[in-house]
Amino acid sequence: MTSLTRQGEIPRELIQLDARASSKEEAIAQAAAALVAAGCVRPGFEASMLRREAVSNTYLGKGIAIPHGTVEDRDLIQKDAIAVLQVRDGVEWNAGERARLVVAIAARSDGHIEILRRLTRLLQDEDRLAVLAATDDRQALSDALNGVAAGAAATAEPAGDFAQSFDWVLDYPTGLHARPATEWAEAARRFPCRIRIRHGAETADARNMISLLSLGLKSGDAITVSAEGQGAAEALATLKVTMTGLSAREKADAARAEEKRRATAAAGGWVPPSSPRAIEGVPAAPGLAIGRITRIATDGMEIPDEPVELARAADLLHAALGQTAEQLHSLADDTARRLGESDAAIFRAQAGLLADPDLITLASQWLVDGHGLAWSWHRAYEDMAARLSALRNPVLAARAADLRDVGQRVLAHIDPRFARSRLADLPEDTILVAEDISPSDAAGLDPAKVAGLVTALGGPTSHTAILARTLGLPAVVGTGAVVERLEDGACAIVDGHGGRLYLDPSEADLASARDWIAAEEARRARAAETRALPATTRDGHRIDIGANINLAEQAAFALGQGAEGVGLMRTEFLFLERSESPTEDEQAEAYAAMARALEGRPLVIRALDIGGDKQVAHLDLPREENPFLGVRGARLLLRRPDLLVPQLRALYRAAAGGAQISVMFPMVTSLGELLELRATCERIRQELDAPVVPLGIMVEVPSAALLAAEFAAHADFFSIGTNDLTQYALAIDRQNPELAPEADSLHPAVLRLIDLTVKGAAVHGRWVGVCGGIAGDPFGAALLAGLGVDELSMTPRDIPAVKERLRQSDRAGLRALAEHALACSDAEAVRALAAEAP
Ligand code: PEP
Ligand code: MG
């Protein structure tokens with residue numbers, strides 16, 4: 001490291017407050033003179049800075065300019081340093097660009113990157129920049145340029161601890177991987193102080209996810225967490241809660257993974273009869289696939305270097321980063337609903353990578369050196385991914401794929417020419433072979449075309465492997481580069497259970513593999529038979545089982561899993577990930593298509609639930625301080641007839657066309673809202689001469705549960721949204737990772753609200769369903785059935801286990817379980833009942 005990053009303070013004489021400069025040249029001359037006077041550079045440095053200006057624009061944006069010398073003149077630098085010129089009225093740097101903070105950089109090597117990293121952070125904090133451009137406080141400027149530094153790699157930090165600290169032994173069974181690291185970094189970023197994590201002699205900046213991952217922490221590793229500066233004590237306390245609070249989830253995840261692994265092992269593997277040539281890898285997703293190899297280059301893209309003005313590049317990059325973050329958040333929400341929260345976490349962790357100052361700094365450095373934006377960005381994420389891969393740590397190798405994935409997304413926003421389409425036209429029965437494949441690409445693979453997946457890099461815990469398992473795609477990872485030289489079109493067999501790719505299989509091998517696949521399919525079909533049985537308790541009480549799906553295409557899978565209908569169709573998804581609202585016609589067709597796919601089975605369609613965590617950019621809704629407590633769900637619908645009326649017209653048109661549907665409204669909190677919504681429905685129904693459809697409400701807020709009997713007089717049914725009911729009953733933001741372990745829907749307070757809802761519904765003979773996440777948990781489902789809920793609706797893949805659990809119970813036992821749970825005083829006590837539950 002250079003002295004620039006070690007010095008901590010910028011000497012007084014190198015910070016000039018309220019400087020006057022009538023031109024860029026004059027400002028550069030003053031900065032250079034200060035650097036010369038301080039003995040940091042030789043006199044020729046001023047001319048070197050002017051030469052740099054002639055070939056590149058050093059205006060970084062937002063009133064900051066960073067004049068510096070040319071590479072050839074580096075020997076003029078005697079000591080790495082920066083000189084700051086505060087020009088309150090600004091000095092014209094280029095036409096239309098005024099610099100108010102001139103940060104002259106004299107750095108021989110990586111010091112340049114370090115200062116850019118600090119500045120790029122500052123660039124994102126406009127309020128702070130405005131203060132700095134006018135302050136009388138030299139220290140504030142010095143602190144700003146030092147205090148925002150974030151260590152790049154673990155090795156970039158000196159190995160000492162700060163004054164305040166605590167020790168902890170990591171007890172996450174799979175070590176510190178991206179998901180908890182993101183949550184640590186997010187917690188750390190909430191505080192202005194410096195927070196360091198030390199393991200032995202290695203240290204990392206707690207705000208920086210990559211830096212944290214670079215420590216390669218395993219379960220049992222002892223760490224010291226220390227902090228210095230404003231809010232240090234509070235930051236340490238928060239971080240401790242975050243770190244220890246995640247232990248339970250990490251252990252539960254690992255136990256589930258282990259359980260899955262054992263089950264897979266017990267299922268037995270396949271042995272080819274004639275020992276064909278095999279490439280060994282790591283089993284990533286079980287199953288056997290026969291197909292033909294299609295190799296894809298991971299990133300063979302040639303990115304032309306087309307220089308662009310630096311300020312414009314900074315703006316474009318800023319916009320592309322914002323768009324990508326938004327896209328990843330929508331993708332995470334969509335994935336959470338389609339595949340589950342743990343798959344969605346992949347994209348939330350990826351969004352964390354975008355906030356990595358190192359990546360932005362690397363890109364800025366290439367930009368400042370005069371390269372094009374797309375080129376600089378591509379080079380930055382590729383360099384960083386290569387650095388991670390080179391560390392030969394499987395966790396970091398997996399992150400390299402994530403980094404490339406995120407990098408390519410940003411690249412596509414910078415310039416749509418670089419959007420990928422390489423996986424669009426794959427032939428059928430493809431065995432996809434690649435150096436690595438990104439989670440986005442994996443999520444988008446068409447299982448009808450792709451039979452199996454083999455990658456040279458990656459590990460079994462990589463997000464790609466997780467997604468391959470979700471898609472039911474046999475996969476082998478970590479084979480090494482040998483697979484990249486395989487011949488396109490060659491026949492092969494992927495054994496995702498044994499972790500091998502068999503080449504040139506004989507007829508006997510192929511026949512044996514086909515038999516194995518057929519036997520496996522028969523086994524699955526037998527399981528599907530029991531999935532298809534109703535959830536009837538041993539004493540003959542039946543609970544209806546629905547699926548939570550959003551698109552007609554998902555219906556076949558849901559029915560195959562044993563769904564008896566759809567208990568929740570979230571219509572927001574027709575509005576998300578597109579640039580305008582769907583028309584009334586498009587909506588009517590989507591609802592009718594879902595009804596057709598269900599062939600007369602029950603279908604509950606939820607009216608738009610926009611707001612809270614489901615933001616739709618093109619609706620341009622006003623920003624709210626607390627969106628979960630704001631104009632959300634039914635409140636929004638009542639204020640926006642332009643959304644409500646077309647949706648209701650589309651729903652009644654579908655009903656008039658023969659669709660058997662029920663409609664429910666989200667986030668209803670008062671009776672007045674329900675009555676107004678009903679009146680609008682009736683008006684539209686009459687206008688369209690459509691049949692009456694059952695109109696229900698979601699019970700998602702305590703007020704609806706407490707007044708259930710009153711609501712039941714006017715609602716045809718209730719569906720309890722336990723995700724929101726838990727959030728509002730316990731006052732825990734459902735997106736807050738720190739509080740996630742406490743947001744337990746089995747909390748007795750939530751169960752008592754459900755009990756009240758069921759009792760209130762009974763006053764008017766209404767049915768009650770539950771469509772929140774807890775309905776898909778076998779123990780939760782048993783409790784809900786014991787509370788008297790009539791219907792449970794869940795993610796399709798949760799259905800078989802829930803049905804099985806209910807079929808093994810009898811009603812009296814379930815009721816007794818529910819009574820016990822209602823009498824508990826906390827969620828742990830409720831969960832403890834699982835051990836002795838009927
Ligand atoms: C719920 O809140 O439990 C629910 C099912 O609705 P959503 O998750 O869409 O808010
Ligand atoms: Mg909800």
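## Contacts, strands and helices in a predicted model

Leucine 792 touches Ile543, Asp544, Ile545, Gly546, Val770, Ala775, Ala781, Leu784, Val802 and Leu806, where residues up to four places away in sequence are not counted. The structure described here is a predicted model, and each value below was computed from it. Leucine 792 has its place in strand S26, which covers residues 791-794, and with a relative accessible area of 0% leucine 792 is buried. Between the C-alpha atoms of leucine 792 and glycine 773, which are 19 residues apart along the chain, the separation is 9.9 Å.

Among the contacts of leucine 792 are Val802 and Leu806, and both of these are listed with the buried residues of helix H29 (residues 799-807), together with Ile799, Lys803 and Arg805. Where do the buried residues of H29 fall when the helix is seen down its axis? They fall within an arc of 160°, and therefore they line one face of the helix.

Another helix that can be followed residue by residue is H14, which runs over residues 373-390. Helix H14 has 18 residues and reaches 26 Å from its first C-alpha to its last, a value close to the 26 Å expected at 1.5 Å a residue. The buried residues of H14 include Trp375, Trp377, His378, Tyr381, Glu382 and Met384.

### Strands that pair

Strand S7 (residues 194-199) runs antiparallel to strand S9 (residues 222-228), and five bridges join the two. Within this pairing, arginine 196 of the chain stands opposite serine 226 in S9. Strand S7 also pairs in the antiparallel sense with strand S8 (residues 202-205), in this case over four bridges, and here the bridge partner of isoleucine 197 is alanine 204 in S8. The hairpin of S7 and S8 has two residues between the strands, and glycine 200 in this hairpin takes a positive phi near 60°.

Most residues other than glycine have a negative phi. Aspartate 504, although it is not a glycine, has a positive phi of about 40°, and methionine 667 likewise shows a positive value, near 55°. Aspartate 504 has its place in the loop between S17 and helix H18 (507-532), whereas methionine 667 is found in the loop between strand S22 (662-665) and helix H23 (671-688). Are these two residues buried or exposed? Aspartate 504 is exposed, with a relative accessible area of 61%, while methionine 667 is buried, with a relative accessible area of 1%.

### Aromatic pairs

A pair of aromatic rings is described by the distance of the centres and the angle of the planes. The structure holds seven aromatic pairs, and two of them are set out in the table.

| Pair | Arrangement | Centre to centre | Angle between planes |
|---|---|---|---|
| Tryptophan 270 and tyrosine 502 | edge-to-face | 5.5 Å | 85° |
| Phenylalanine 717 and tryptophan 767 | stacked | 4.7 Å | 5° |

Tryptophan 270 lies in the loop between helix H10 (247-266) and strand S10 (278-280), and tyrosine 502 lies in strand S17 (residues 500-503), so that this pair links distant parts of the chain, 232 residues apart. Tryptophan 270 counts as buried at 6% relative accessibility, and tyrosine 502 counts as buried at 5%.

Phenylalanine 717 is buried, with a relative accessible area of 0%, whereas tryptophan 767, at 32% relative accessibility, counts as partly exposed. Elsewhere, ring pairs link Trp168, Tyr172 and Trp184 into a cluster.

### The magnesium ion

Which residues coordinate the magnesium ion (ligand 2)? They are Glu700, through OE, and Asp724, through OD, at 2.0 Å. Glutamate 700 is in the loop between strand S23 (695-699) and helix H24 (702-706), and aspartate 724 is in helix H26 (residues 722-730), so the two belong to distant parts of the chain, 24 residues apart. Glutamate 700 counts as buried at 2% relative accessibility, and aspartate 724 is buried with a relative accessible area of 2%.

How values were computed. Residues numbered from 1 in each chain as written. Chains lettered and ligands numbered in written order. Predicted model: local features only at pLDDT ≥ 70, side-chain atom pairs only at ≥ 80, totals over all residues. Heavy atoms only, no water. Pairing = 2+ DSSP bridges. Phe/Tyr/Trp six-rings, centres within 6.5 Å; stacked < 30°, edge-to-face > 60°. Buried < 20%, exposed > 50% of the residue type's maximum accessible area, 1.4 Å probe, protein only. Donors = N, O, S within 2.8 Å, 3.2 Å for Na, K, Ca; no water. Arc of directions from axis to C-beta. Contact = heavy atoms within 4.5 Å. Expected span 1.5 Å × (residues − 1).
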